[in-house]
Amino acid sequence: MTALGHMTKGEDMEPEDDARQRLAEAMDDRRQDLRLKWQDVAAKANISVPTLKRIRSGPGLITDWAARGLEKALEWPQGEVARILAADETSAEHAEEAPRYSDPGLQAIWEAPGLTETERQAAITLIEAMRSVSQAPQAQGRGWGDQRANRAG
């Protein structure tokens, strides 16, 4: 393993305590931004809750696979975990450039001029709720039209 600031793709990371604390704080901030529970983050990252806890509090390695899963779950750009751990000065700049939402429509709402942060969050929450409701019948193997037909007949 090379020094944190010079990691290459595919390397596992064993961060120092201050780097681990930076990562834990960044993860918590992002989790709250996305309104996720830690269990949700673990599931989206395809890791166990105990593994997530170990990553947050240390000690031990953070595998490249776990880092990629966290980046996906927290909607971070690839390599963000390594940048946070390395305390790369470009990380803060990159975080400002990185989209807050991977969905372009939600990102457009977030960037819409003239809305307060509360209004943006309310609009995004409403859209996410509507999407989850509209997907529920599909998950059960039937569409909205099937439900109306069943009630009419």
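**First stop: arginine 56**

Select arginine 56: with 28% relative accessibility, arginine 56 counts as partly exposed (between buried, under 20% relative accessible area, and exposed, over 50%, using a 1.4 Å probe and protein chains only). Before you go on, note that this is a predicted model, where local features need pLDDT of at least 70, side-chain atom pairs count only at pLDDT 80 or more, and totals for chains, interfaces and linings use all residues. Residues are numbered from 1 along each chain as its sequence is written, and side-chain values use heavy atoms, leaving out hydrogens and water.

Arginine 56 belongs to helix H3 (helices here are DSSP runs of H or I, at least four residues, numbered from the N terminus). Show its neighbours next: leaving aside residues up to four places away in sequence, arginine 56 touches Arg20, Ala24, Met27 and Trp38, where contact means heavy atoms within 4.5 Å.

Now zoom in on tryptophan 38. The charged end of arginine 56 sits over the tryptophan 38 ring, 3.8 Å from its centre; the test is NZ of Lys or CZ of Arg within 6 Å of the ring centre and within 35 degrees of the ring normal.

**Next: H3 and its partners**

Select H1 and H3. They pack at an angle of about 125 degrees, with axes 7 Å apart (axes are lines fitted to C-alpha atoms over the stretch in contact, and angles run from 0 to 180 degrees between N-to-C directions). That makes H1 oblique to H3; under 35 degrees is roughly parallel, over 145 roughly antiparallel, 65 to 115 roughly perpendicular, and the rest oblique. Colour the contact residues: Arg20, Leu23, Ala24 and Met27 in H1 meet Leu52, Arg54, Ile55, Arg56 and Ser57 in H3.

What angle do H2 and H3 pack at? About 105 degrees, with their axes 9 Å apart, which makes H2 roughly perpendicular to H3. Trp38, Gln39, Val41 and Ala42 of H2 make the contact with Val49, Leu52 and Arg56 of H3.

**Last stop: H4**

Select residues 64–73, helix H4: 7 of its 10 residues are buried, so H4 is largely enclosed by the rest of the structure. The buried ones are Asp64, Ala66, Ala67, Gly69, Leu70, Glu71 and Ala73. Then step past H4 to glutamate 75, whose phi is positive, near 55 degrees.

Key. Helix = DSSP H or I, 4+ residues; strand = E, 2+ residues; numbered from the N terminus.
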